[in-house]
Structures are given as C-alpha cells and as structure tokens.
Amino acid sequence: MEKIERQEHLEGNIEETVTSQEGTNEGEFDYERSRLLNRRLDIRILPLCCWLYLLNFLDRGNIGNAKVLNQETGDDMLHKTGMTANGYAITVTLFSVAYTVFEVPSNWIMKHYVRPSVWLAALLGCWGVLTLGFAGVKNYATVLALRLLIGVFEAGFYPGIVYVITIWYRHNERAVRLAFVTAFCNLAGAFGGAIGYGIGHINGAAGLEGFRWLFIVEGIITVLSVLPTLLILPDYPSRAKFLSPSEKTFAEDRLKERGGGYNRDHATRKELLQTSFSPRMLAHYCAYIANVVTQGSFTFFTPTIVTGLGYQSIQGQLLTVPPWIVGFIVAIALSYSADRFNARGLHITIISVVGGLGWLTAGLLPTTSYVQRYGCLCMAAAGAFPAAPSMTNWITCNTPSLLTIPFAIALHNSCAGIGQIIAQWIWKADEAKQGYPTGNFVCAACNFFVAIVAFSLRIWYARMNEKGERDARGEKRVWSY
C-alpha cells in the first residue's frame with residue numbers, strides 16, 4: 001500500500017500528494033532537483049516537439065491554402081484537379097475519419113511495441129513523402145487517396161507527443177508544455193498563410209502551379225526532420241543517455257504520485273470500460289468534439305472565410321496570419337494560468353465564452369462589415385485552440401486509472417476526427433455572399449457547449465474530492481479541477 005501525505009506546492013499554488021513507497025525512507029519531495037531536471041528536459045524535448053507539431057499542423061492545413069491559392073487565374077487545386085466544393089469537403093472528411101480510426105491503435109503500438117522516437121519518426125517520414133506526392137496530382141481520385149493516407153499516418157502523431165510528455169513530466173507540469181506544443185499549430189496556421197502568400201507570387205515557375213510548390217516546400221521540410229527526431233527525442237528515462245543512473249531513478253520515481261511515466265502493464269477490462277464510457281469521461285470527449293469543430297474551421301477554412309470577407313485569395317493568405325497569432329499568445333497565457341491555479345475548468349469556460357461571442361457576432365453582423373467581422377474572427381481564434389491544451393491535460397490528470405492514460409489520450413484526441421468531420425460541412429460554398437451564417441452559428445454553439453460542460457465538470461471533480469472518491473483500481477486520488 002502507499003502512504004499519502006499532503007504538502008503545499010508553492011509553484012503551482014495547489015495541493016500536492018507526495019507518495020512514499022513502503023520500505024523506503026520518507027522525506028520531502030525535492031522540488032529544486034525536479035526543477036533543474038525539467039530545465040534539461042525542456043531544452044531537449046520541447047523545441048523538437050514544438051517543431052514537429054508545427055510540421056504536423058502545417059501539412060494538415062495546407063490543403064485549405066491550396067484550395068484558394070491563385071484561384072483568380074484558375075491555377076488553384078480545385079480547378080486543376082476538377083474537384084468541386086463538395087469533393088473538397090469529402091476529401092477532408094475522409095482525412096478526419098482516418099484520424100478518428102487510427103489514433104488509438106497508434107498509441108497502443110507505441111506503448112507496447114515501438115519506441116516513441118522510432119514510431120514518431122516513421123509517421124513523420126510517411127506523411128512527408130505523401131505530401132510531396134501532392135505536387136503531381138492530376139485528378140480528384142489521386143487527391144482523395146493521398147489525403148486519406150496522410151490522415152492514417154498523421155493520426156497518431158499528436159497523441160504520441162502527449163504520451164511522450166506524460167512519460168517525462170509530472171501532472172501539474174504538463175499543461176503549459178502541451179500549450180507550447182499545441183500553440184505551435186497557431187504558428188503553423190500563421191506560417192501556412194505567410195508561405196501561401198509568398199508562393200502565390202511564384203505561380204507558374206518551372207511550369208508548376210503555386211499550390212504544387214506549396215506541397216513541395218512543406219513536404220521537403222517534413223522529410224528532412226525525420227533524422228533529428230530519431231537522434232534527439234528521448235524515449236524513456238531508463239534509456240536516457242544524458243541522465244546519470246541516480247537521475248534516471250529520480251525521473252521515474254517523481255512521476256509515481258499522480259500518474260505518468262512509462263508502464264507497459266495492461267489495464268483491466270473495468271479500467272478500459274470506465275475510461276471509455278463513464279459519464280464524466282464521455283463529457284470530456286463530447287466537449288472536445290465541440291471544441292475541435294471550431295479548430296477544424298480554422299484549420300481547413302480560414303482562407304475561405306477570409307476571402308469571404310471580400311479579400312482576394314493571395315491577400316487572404318496573408319490575412320489568415322493575425323488570428324493564428326492571437327490564438328498562439330492566448331494559448332500560452334491560458335495554459336500557464338490554468339496549471340498555476342489548478343483551475344482548468346474555469347479557464348476553459350471563460351475562454352470558450354469569449355470565442356463563442358466572436359463567432360456569434362460575426363454571424364449577426366452585416367456581410368459588408370468586413371473589418372468588424374475580421375475582428376470577430378480574431379476573437380473567435382482566442383476561443384478555439386487555446387482551450388485544447390488544458391482540455392487534454394485535464395483528462396490525463398483525471399483518467400479512471402493511471403494505466404489508461406495513453407488510451408485516454410488517444411481516445412480523447414480521436415474525437416478530434418469527429419469534430420473535423422462536422423467542420424467540413426458547415427462552411428457552405430453557397431453561403432459565401434451571406435457571410436457563412438451556418439458556420440458562424442454552429443461554431444458559436446459549440447463554444448458555448450464547451451463552456452457549459454467545462455464548468456459542470458469543475459463542480460463534479462470538486463464533489464469527487466469532497467467525497468474522497470477512489471479510481472477504478474480502488475486507489476485514492478486527488479482529482480484536478
């Protein structure tokens with residue numbers, strides 16, 4: 001049995017449980033040593049993970065840029081491949097289906113059979129090569145097949161990165177790290193727009209349309225990142241050559257109190273069922289689906305939305321940048337604050353209301369109010385991506401069993417595929433002149449739904465702590481707010 005003591009963690013202003021195993025000397029947790037270890041891990045892990053997720057999101061969203069790039073001259077991807085607006089929606093829907101189906105198997109493989117550095121590098125290389133293949137597409141069928149395969153290989157990447165972070169960091173250190181990683185999707189959106197703007201001006205160079213150059217540039221960068229992933233990304237503390245034996249032991253032991261670290265043990269059927277179907281976990285999953293509807297709208301349709309505000313396609317590429325920058329800044333600040341004050345539910349609630357008001361106002365304003373609606377788009381960006389890191393970390397802290405953390409991560413993120421599928425069909429081409437009311441109002445409703453669920457879960461976990469409710473293994477837990 002484990003003995004649980006309560007201590008005050010000054011850095012996070014939250015109550016910590018410090019666990020001492022029987023047969024060892026009891027003592028206070030060495031926060032200074034942990035802080036110094038985190039500094040070394042941050043230098044080695046975070047920059048690489050941020051860069052890789054930027055590439056992941058860049059390659060995920062480039063089809064949205066290719067859809068409208070140089071459309072005034074008929075050199076966009078839709079015209080050159082004979083794809084219709086509905087065909088585009090079907091293409092990104094199949095991509096999202098692949099995301100939903102393959103995320104859980106991917107994390108399962110990485111937990112039990114393949115080291116994280118090898119598995120993530122393999123996924124990276126496969127979708128990078130497929131992205132390069134887009135440079136030669138001639139018809140809709142090829143686009144459909146390539147996009148489906150990219151979805152298969154990209155599916156396991158983000159949950160894989162989240163799992164790596166849970167292997168190395170304590171529960172109250174993850175959200176801000178996840179925020180740094182996830183926030184780079186905002187930079188990816190900004191870079192994607194900037195790259196699209198630049199490449200739009202070399203349309204026709206070497207006989208290739210601008211959208212083909214877009215896939216070539218981004219595909220090459222992705223493929224070149226495979227080797228650094230293999231060489232730099234650490235797998236587990238026990239294999240870390242940059243740590244001494246005592247540091248390896250400390251890195252592993254400090255994660256035992258609230259879950260995390262590397263564990264190949266299999267969860268029981270009861271633990272898996274509760275992780276999949278318990279009411280509070282389903283509430284987490286449903287809220288994430290709704291949040292991803294707004295994320296997917298930005299990922300795949302920001303260029304479309306901006307051009308719908310009255311701007312040309314090349315101008316539209318550049319004007320997609322500010323909303324993503326807003327999302328990046330808010331995501332970092334929100335996640336740091338949510339972890340520091342152990343108040344993820346309240347932070348998610350507030351920022352989701354802000355985003356919902358942005359979408360709602362954009363839908364209610366006259367279609368000719370271009371500047372005001374663009375401001376609303378920036379406001380909506382603050383409610384889309386910034387909530388995601390805290391939502392993801394919240395679920396890693398509150399899984400019904402510590403053994404199901406990687407399963408819960410993959411299951412939670414697989415819900416993103418469902419949200420993306422919904423997002424594909426709410427931005428209707430025939431509503432462009434009306435300002436896309438369906439898309440705006442659905443996104444507003446999704447943000448408000450997230451706010452309601454997050455606030456309800458915050459109250460739920462407070463009551464679970466008051467009752468001293470145990471997890472699926474019968475172990476005492478402190479549930480995070």
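Is arginine 473 buried, exposed or partly exposed? I looked it up: arginine 473 is partly exposed, with a relative accessible area of 42%. I used these cut-offs: buried is under 20% relative accessible area, exposed is over 50%, and partly exposed is in between, with a 1.4 Å probe and protein chains only.

**Ground rules**

I am working on a predicted model, where local features need pLDDT of at least 70, side-chain atom pairs count only at pLDDT 80 or more, and totals for chains, interfaces and linings use all residues. I number residues from 1 along each chain as its sequence is written, and side-chain values use heavy atoms, with hydrogens and water left out.

**Salt bridges**

I searched the whole structure and got 15 salt bridges. The criterion is a side-chain nitrogen of Lys or Arg within 4 Å of a carboxyl oxygen of Asp or Glu.

I went back to arginine 473. Its side chain meets that of glutamate 475 in a salt bridge, at 3.7 Å from N to O. Glutamate 475 counts as partly exposed because its relative accessibility is 33%.

Next I took arginine 239. Its side chain forms a salt bridge with that of aspartate 235, at 3.7 Å from N to O. Arginine 239 counts as partly exposed, at 45% relative accessibility. Aspartate 235 has 7%, so aspartate 235 counts as buried.

Then I checked arginine 212 and glutamate 209. Their side chains meet in a salt bridge at 2.6 Å, N to O. Both arginine 212 and glutamate 209 are buried. I also found this pair in a network: salt bridges link Asp75, Lys80, Glu209 and Arg212.

**Helix H2 against helix H5**

Two packed helices are described by the angle between their axes and the distance between the axes. I looked up both for H2 (residues 46-68) and H5 (residues 116-133): the axes come within 11 Å and cross at roughly 35°. Helices are DSSP runs (H or I, at least four residues), numbered from the N terminus. The axes are lines fitted to C-alpha atoms over the stretch in contact, and angles run from 0 to 180 degrees between N-to-C directions.

The crossing of H2 past H5 is left-handed. That is, the near helix is turned anticlockwise from the far one by less than a right angle.

Which residues make the contact? From H2 I list Leu52, Leu55, Asn56, Asp59 and Asn62; from H5, Leu124, Trp127 and Thr131. Contact here means heavy atoms within 4.5 Å. By class I get four nonpolar, three polar and one charged residues. Ala, Val, Leu, Ile, Met, Phe, Trp, Tyr, Cys and Pro count as nonpolar, Asp, Glu, Lys and Arg as charged, and the others, Gly among them, as polar.

**Positive phi**

Most residues other than glycine have a negative phi. I noted asparagine 342, which is not a glycine and has a positive phi of about 50°. Asparagine 342 sits in the loop between H15 (321-340) and H16 (344-364). Asparagine 342 is buried, since its relative accessible area is 17%.

I noted tyrosine 436 as well, with a positive phi of about 55°. Tyrosine 436 is in the loop between H19 (405-424) and H20 (437-467). Its relative accessible area is 6%, so tyrosine 436 is buried.

**Cysteines**

How many disulfides does a search of the whole structure find? I got zero. A disulfide would need a pair of cysteine sulfur atoms within 2.5 Å. For cysteine 443, the nearest cysteine sulfur is that of cysteine 446, 6.2 Å away. Cysteine 443 counts as buried, at 0% relative accessibility. Cysteine 126 is partly exposed, with a relative accessible area of 32%.

I looked up alanine 454 in helix H20. Alanine 454 is buried because its relative accessibility is 4%. Leaving aside neighbours within four places in sequence, alanine 454 contacts Gly345, Ile348, Thr349 and Trp394. Its C-alpha atom is 9.6 Å from that of tyrosine 481, 27 residues apart along the chain.

I found threonine 91 in helix H4 (residues 85-112). Threonine 91 counts as buried, at 0% relative accessibility. Not counting residues up to four places away in sequence, threonine 91 touches Ile63, Met83, Tyr140, Val143, Leu144 and Arg147.

Serine 278 lies in the loop between H12 (269-277) and H13 (279-307). At 15% relative accessibility, I log serine 278 as buried. With residues up to four places away in sequence not counted, serine 278 touches Leu273 and Pro400.

Notes: Helices (H or I, at least four residues) and strands (E, at least two) are DSSP runs, numbered from the N terminus.
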